Amino acid sequence: MEGDCLSCMKYLMFIFNFFIFLGGSFLLAVSVWVLVDPMGFREIVVANPLVFTGVYVILALGALLFLLGFLGCCGAIRENKCLLLFFFMLILFIFLAELAAAILAFLFREHLTRDYFTRELKRHYQGHNSTDVFSTTWNAIMATFDCCGVSGHEDFEDSLYRLLNPSKMVPEACCQRTSYPGHMEHISLEQCVTGSLSFRNNKGCYSAMMDYFETYIYTAGALAIIVLTIELFAMVFAMCLFRGIQ
């Protein structure tokens, strides 16, 4: 009976990890396909900073799932204790990292308020041509979500940006653009930065991002719970199989 149970667990773990392996392979193939520019996709991706970052995140996720699936399949079908132990340790590391991220997000949730982001923007944002990470990140957010500042263009009043650029009311990232595949240009950049509301994105980025992510927040939460549950079962299966192998 014990041998039958062990054999059943072995094949269940193999099937389970084979699907993980296929999923990782699919994500790797799609991300590499987009990045090697088959039909001009690279120009479209590069034009949108958020999508450009997302492609590399998908690439890394695909590689991780590919490795996990491979280790799980080989460890289960070959009954290799070394591979199973490595698989268990890798899953445990990912599980603890996700748990730590959730705890940190809960502890620092007060730092995600509108006032906090406004204060940081006023203190540290330098402008469109700046190379520091804070400014380039904000430029990417404003360009991606077609927004300006945290609550609106008034966030740049009495800010570091205005001290560095006294002749400009808002940065270029706040200006409206016409977009075509692989090509973007501002409608009227000069009038926008000098004060015209007609050529400016007037919606704040805080509201724009909340509206965008509100649709996906419950789906993301449910998906996170499912992933954590799968990881727990994967660790239990791996350890049971590890202990059952003579």
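Which helix is isoleucine 103 found in? The points below take this up after a look at the whole chain.

1. Start with the model. It is predicted. The chain has 246 residues, and 28% of them count as buried.

2. Next, the elements. There are 10 helices and two strands in the chain. Reading from the N terminus, the order is α-α-α-α-α-α-α-β-β-α-α-α.

3. Now back to the opening question. Isoleucine 103 is found in helix H4. Is this residue buried, partly exposed or exposed? Its relative accessibility is 46%, so isoleucine 103 counts as partly exposed. The cut-offs explain the label: buried means under 20%, exposed means over 50%, and partly exposed lies in between.

4. Ile103 also belongs to a nonpolar patch on the surface.

5. Turn to the largest pocket. It holds about 510 Å³ of space. Its lining has 21 residues, and those closest to the centre are Leu61, Leu65, Glu98, Val227 and Glu231.

6. Which helices each supply at least two residues of that lining? They are H1 (2–35), H3 (49–77), H4 (81–107) and H10 (217–244). H10 gives the largest share, with eight residues.

7. By class, 17 residues of the pocket lining are nonpolar, two are polar and two are charged.

Note on methods: Residues numbered from 1 in each chain as written. Predicted model: local features only at pLDDT ≥ 70, side-chain atom pairs only at ≥ 80, totals over all residues. Heavy atoms only, no water. 1 Å grid on protein atoms, 1.4 Å probe; cavity = no way out; pocket = protein on both sides within 12 Å on 5 of 7 lines; lining within 4 Å. Points joined across faces, edges and corners; volume = space filled by probe spheres on them. Helix = DSSP H or I, 4+ residues; strand = E, 2+ residues; numbered from the N terminus. Nonpolar A, V, L, I, M, F, W, Y, C, P; charged D, E, K, R; others polar. Patch = residues over 30% accessible without salt bridge, like charges linked within 9 Å, V, L, I, M, F, W, Y side chains within 5 Å. Areas by Shrake-Rupley, 256 points an atom, 1.4 Å probe, with all protein chains shown as cover. Salt bridge = Lys/Arg side-chain N within 4 Å of Asp/Glu carboxyl O. Buried < 20%, exposed > 50% of the residue type's maximum accessible area, 1.4 Å probe, protein only.
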